Amino acid sequence: MASDRNCCPLSATLCLALLAVMTNVGTVWNEVVWDDRAAVAYNTDLHRSTSVSNLWHNDYWGQPMTAVDSHKSWRPLATLTFRWNYLVHRLEPVGYHVINIFLHALTTCLVMIVGAHVLRDRRSAMIASLMFVAHPIHTEPVASIVGRADLLCGVFTLAAVYFHLISSVVSTCDATVLHQMNRFTAWAIAHALALAACLSKEVGIACFPLFTAFDMIILLCDIQPWKGPMVKPRTSPPLRRITCLRCAISTACALIVLLIHAARHGKQLLYSWTVLENSVASNLRGDVRAQLLSYAYIHTQYFSKLLLPLRLSYDYGHPCIDHVTSVLDVRNLQSFTLYLLLLVVTIVGLLYRLKSVLYTILLIALPFVPASHVFLPIGTILGERLLYLPSVGFCLLFALLYRTVEVPAKTMKVSEHKPTCNSHFLVKVRRSTGHRRRYIEMSSKSKWRRIVQRTAPCAFLIWRAQLATAGALFIFAGLRT
């Protein structure tokens, strides 16, 4: 069973939902504009006279998936919710926005619940949820009606991740038959929710790689750290075999979903994007190097929207972002720095078997892959709504860093306190880099006192200053939006 620190108080979760509603209640009176008109006003799939089966064959905008001018955005579940709205209040925009706000509030609650399991700490999960609520990057998916697909996909994805996490809590070799059945039920529910996420938006396909990666992390972190390559694993052979089987099934599910989606496209597998939709795919067609450099720079722009969302826009069409066509372009330094940062954090998580770090990195990276232009170009150079799911991992990572670096004021009096888990990790990192030792057990109080006296005040003051700066920037960005 999960420990109490992984359970979220109902009052705190409801307060987060209320805060999410209060921060977005102003969007209720927004009109049907821009892409909303194509998805709602001009979409005949919403009408009662149209068969519901058309949702299975048409795209998000009401066009047949096999048509030449179709964008191949197959989101039947999101379109079905639009149809329910239309049957109740026609084109009155208030109802559409109310549902969007409700879904955003539900997502916020799920961030709290998932964060408590990923970070193993309710306080850190609360910090991540508060940051998720206040982040300005969520303005577009909540305020626009077409953002329904992102919100719905976010709800199903986080719910799927939660059920997958709880299905991995009980050890198979020690569990009763009832617990094993509960594990299987939770695992099956997770895959059903993942399928619903795929039917809400294409980003939902990331659920299945997340399942596989999470199971692989469990296998990796169940090896005793720094005891040599021939160490005996703590897990039993049946558990390892079941985990490998789970990985195989999740991978197979991802392939099946991709095949079903591709079968909807007809003879034309991909849509040819114009310069207004994707200038990199249109203008740099044939120049693979320039495309890779441009997309890498766009990734840095995505990251800047998460880190410092000072300039936000609903559209970044041509020519908002200049292309990177030369290796000598100074903007390549930003791309290199971003990838190096992600690589370093991932390596640290792997070396020290830090599940929480690896989970947060995966929650950032994998939901972003479908929008990253890595495998297929998409219909926008940069879309803030595409950061709705990756922002969950970013907020969890922010809370994890806060928990690791923050040293309470009482910790300054080290003679009265024992080392905490996060401070213990800092001690291991500091000592291992100086003496090349892989595993250190700080049993001596004198060593502990010297390390904390050197690192705690500096880390405490620097982090407090950074947190105050980040808070001021978020408030300023929120007022501007």
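**Close-up 1. Salt bridge between Arg385 and Glu140 in the predicted model**. The closest N and O atoms of Arg385 and Glu140 are 2.7 Å apart (a salt bridge is a side-chain nitrogen of Lys or Arg within 4 Å of a carboxyl oxygen of Asp or Glu). Arg385 lies in the loop between α14 (355-368) and α15 (390-405), and Glu140 in helix α6 (residues 139-143), so the pair ties together parts that are 245 residues apart in sequence. Helices (H or I, at least four residues) are DSSP runs, numbered from the N terminus. Glu140 has a relative accessible area of 12% and is buried (buried means under 20% relative accessible area, exposed over 50%, partly exposed in between; 1.4 Å probe, protein chains only).

**Close-up 2. Salt bridge between Arg75 and Glu202**. The N to O distance is 3.1 Å. Because Arg75 sits in the loop between α2 (35-41) and α3 (76-89) and Glu202 in the loop between α8 (177-200) and α9 (207-221), the pair ties together parts 127 residues apart in sequence. Arg75 is buried at 11% relative accessibility, whereas Glu202 is partly exposed at 22%.

**Close-up 3. Salt bridge between Asp329 and Arg331**. The side chains meet at 2.9 Å, N to O. Arg331 has a relative accessibility of 16% and counts as buried.

**Notes to all views.** The structure holds five salt bridges, among them the pairs Arg385 and Glu140, Arg75 and Glu202, and Asp329 and Arg331. Residues are numbered from 1 along each chain as its sequence is written, and side-chain values use heavy atoms, with hydrogens and water left out. In this predicted model, local features need pLDDT of at least 70 and side-chain atom pairs count only at pLDDT 80 or more, while totals for chains, interfaces and linings use all residues.

Key: Helices (H or I, at least four residues) and strands (E, at least two) are DSSP runs, numbered from the N terminus.
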